[in-house]
Amino acid sequence: MKILLLGKAGQIGQELRHALPALGEVVPLGHGDVDLRDQDALLRALAAHRPDVIVNAAAYTAVDQAETDREAADQVNAQAVTALAQYAKDASALLVHYSTDYVFDGDSDQPYTETDTPRPLNVYGATKLAGESAVLESGCDALVFRCSWVYAPHGRNFPTSILRLARTRDRLDVVADQIGAPTSASLIADVTAQAVARHRQQRLPAGIYHLAAGGATSWHAFARYLVSGAAARGAALALTPDRIRAIASKDYPAAAKRPHNSRLDTTRLSAALALPLPSWTQGADRFLDQLSARGEFT
């Protein structure tokens, strides 16, 4: 089985490079290999490699920048995905695609299920919704995973930013009225590999699934957990958890509006894979242990 991995340098892409080889030959491509804004180049790459499985971990993820750069966000998150879905349909290939909790408006007081009606609040969410809709409407064989609050020990993300700031700042304001499940890219990659294997065995139906860590927290509580955990592992920080102040979203200016409730109900995926998804705290602890093992706290 040949697997074409798009977005090899991203947070999820880097973890997939470790998780997917157990399934077959992996051809990893990044932005320097193929620009998803160039559909002709994308189609040439697909024709050259003729994959059995396409895993699309590439995306335009600059949420605030997308508000003024809608064309680029749409090209990557919607138009390129439409082309991938059509190719997968024509070539009888499996397409694995990632979407986001930001397709929802966050007004519900319950975790969102796969059948809840999406209502994105921002351009990023709207383009991701357009992409996942194109996949489902194409009729191709596809697994679409909606994920939330993704992070990894590499790249720029909320945890790495918090710990960087904690080294020099003795006070920090963090939003406390947005709730979700911080989900490690390694968890997403590992579950993806299991899902692809199960699907190839005809034991997992095609369709859309929610893939996120168990439990929920706020950005504020997550920041406190990270700072406390880093300090316990010997990190020299100027910031202590009690000096992280909880603020409302309205007090944190951002170009794009975020949903207050980003919780995703993962019952469907857990049941299909007979796999309980671990708590977000387990992923956070593993993340902190990885940084500690690399000597970043000394």
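Predicted model: local features only at pLDDT ≥ 70, side-chain atom pairs only at ≥ 80, totals over all residues.
Helix H1 spans residues 11-19. Its buried residues are Ile12, Gly13, Glu15, Leu16 and Ala19. Viewed down the axis of H1, these residues fall within an arc of 165°, so they line one face of the helix. Several elements cover that buried set. Among them are strand S1 (2-6), strand S3 (53-56) and strand S4 (94-100). Strand S6 (150-151) and helix H6 (185-200) also belong to the cover.

Helix H2 covers residues 39-49. Ala41, Leu42, Ala45 and Leu46 are its buried residues. Down the axis of H2, they fall within an arc of 140°, so they too line one face of their helix. The buried residues of H2 pack against S1, strand S2 (25-29), S3 and H3. The face of H2 turned away from this buried side carries exposed residues, namely Asp40, Arg44 and Ala48.

The loop between H2 and S3 holds Arg50. This residue is exposed, with a relative accessible area of 65%. The phi angle of Arg50 is near 45°, a positive value in a residue other than glycine. Most residues other than glycine have a negative phi. Trp149 shows a positive phi as well, near 45°. Trp149 sits in the loop between strand S5 (141-147) and S6. Its relative accessibility is 8%, so Trp149 counts as buried.

Helix H3 (residues 70-91) packs with helix H4 (residues 123-138). Their axes are 8 Å apart and meet at an angle of about 10°. Angles under 35 degrees count as roughly parallel, so H3 is roughly parallel to H4. On the H3 side, the contact is made by Arg70, Ala73, Asp74, Asn77, Ala78, Val81, Thr82, Ala85 and Lys89. On the H4 side, the residues are Val123, Tyr124, Ala126, Thr127, Lys128, Ala130, Gly131, Ala134, Val135 and Ser138. By class, the contact of H3 with H4 has 10 nonpolar, five polar and four charged residues.

One residue of this contact can be followed in detail. Thr127 lies in H4. With 1% relative accessibility, Thr127 counts as buried. Residues up to four places away in sequence aside, Thr127 touches Ala73, Asp74, Asn77 and Ala78.

Not counting residues up to four places away in sequence, Ile188 touches Ile12, Tyr98, Cys147, Val150, Thr183 and Leu211. Ile12 is one of the buried residues of H1. H6 is one of the elements that cover the buried residues of H1. Ile188 and Ala212 are 24 residues apart along the chain, and their C-alpha atoms are separated by 7.6 Å.

Thr113 lies in the loop between S4 and H4. With a relative accessible area of 24%, Thr113 is partly exposed. Its contacts, leaving aside neighbours within four places in sequence, are Phe104, Arg146, His210 and Asp265. Thr113 and Thr267 are 154 residues apart in sequence. In space, C-alpha to C-alpha, they are 8.4 Å apart.

A disulfide is a covalent bond between the sulfur atoms of two cysteines. The cut-off requires the two sulfur atoms to be within 2.5 Å. For Cys140, the closest cysteine sulfur is in Cys147, at 17 Å, which is too far for a bond. For Cys147, the closest cysteine sulfur is in Cys140, again at 17 Å and too far for a bond. By this rule, the count of disulfides is zero. Cys140 counts as buried, at 10% relative accessibility. Cys147 also counts as buried, at 4% relative accessibility. Cys147 is one of the residues touched by Ile188.

Notes:
Residues numbered from 1 in each chain as written. Heavy atoms only, no water. Buried < 20%, exposed > 50% of the residue type's maximum accessible area, 1.4 Å probe, protein only. Axes fitted to C-alpha atoms, helices over the stretch in contact; angles between N-to-C directions. Helix = DSSP H or I, 4+ residues; strand = E, 2+ residues; numbered from the N terminus. Parallel < 35°, antiparallel > 145°, perpendicular 65-115°, else oblique. Contact = heavy atoms within 4.5 Å. Nonpolar A, V, L, I, M, F, W, Y, C, P; charged D, E, K, R; others polar. Arc of directions from axis to C-beta.
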